[in-house]
Amino acid sequence: MSDAVPDKTPAIHDMGGLSRFRCSPVERDEAPPDAFGKRVDALRQVLAAKKLMTVDELRRGIESIPEDEYFALTYYERWMTSICTLMVEKGVVAAEDLR
């Protein structure tokens, strides 16, 4: 058995119990996505249908966004950041093509 202790540091999206969020109201985004959000979701669906990305990979990418950037991005900008990162990781596109 390994003596390694698992990392207990929560990811940036895991805000449960953090004192700075205890008094924050729950965000209720009941409005449908805007045109950008619809395009990002359509891209996600196409990439999933072509077996280039899974929802689990999308989530991992979102969860790996650095804290300062995470809070500066909108919901669908986080998705797009994750999608771009994943496509570069998989060699589908080159990083310089995304600039």
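These legends go with close-up views of a predicted model.

**Figure 1. Helix α1 and its buried face.** Let's start with α1, which has 15 residues. From its first C-alpha to its last, the helix reaches 21 Å, close to the 21 Å expected at 1.5 Å a residue. Within α1, the residues Gly37, Val40, Asp41 and Leu47 are buried. Looking down the axis of α1, you will find its buried residues within an arc of 125°, so they line one face of the helix. Lys38, Arg39 and Ala49 are exposed on the other side of α1. Among the elements that cover the buried residues of α1 is α4 (75–89).

**Figure 2. The two ends of α1.** Just after α1 comes Lys51, with a positive phi of about 60°. That positive value belongs to a residue other than glycine. Lys51 is found in the loop between α1 (35–49) and α2 (55–63). Is Lys51 buried or exposed? Its relative accessible area is 73%, and because exposed means over 50%, Lys51 counts as exposed.

Figure 3. The model has 4 aromatic pairs. In one of them, the ring centres of Tyr70 and Phe71 are 5.3 Å apart and the planes stand at 85°, so the pair is edge-to-face. Tyr70 is buried, at 8% relative accessibility, whereas Phe71 is partly exposed, with a relative accessible area of 36%.

Figure 4. How are the rings of Tyr75 and Trp79 placed? Their centres are 5.5 Å apart and their planes lie at 45°, so the pair is tilted. Both residues lie in helix α4, 4 residues apart, about one turn of the helix. An α-helix has 3.6 residues a turn, so residues three or four places apart point the same way. Tyr75 is partly exposed, with a relative accessible area of 47%, while Trp79 is buried at 11% relative accessibility. Tyr76 belongs in this view too, as ring pairs link Tyr75, Tyr76 and Trp79 into a cluster.

Methods: Residues numbered from 1 in each chain as written. Predicted model: local features only at pLDDT ≥ 70, side-chain atom pairs only at ≥ 80, totals over all residues. Heavy atoms only, no water. Buried < 20%, exposed > 50% of the residue type's maximum accessible area, 1.4 Å probe, protein only. Expected span 1.5 Å × (residues − 1). Arc of directions from axis to C-beta. Contact = heavy atoms within 4.5 Å. Phe/Tyr/Trp six-rings, centres within 6.5 Å; stacked < 30°, edge-to-face > 60°.
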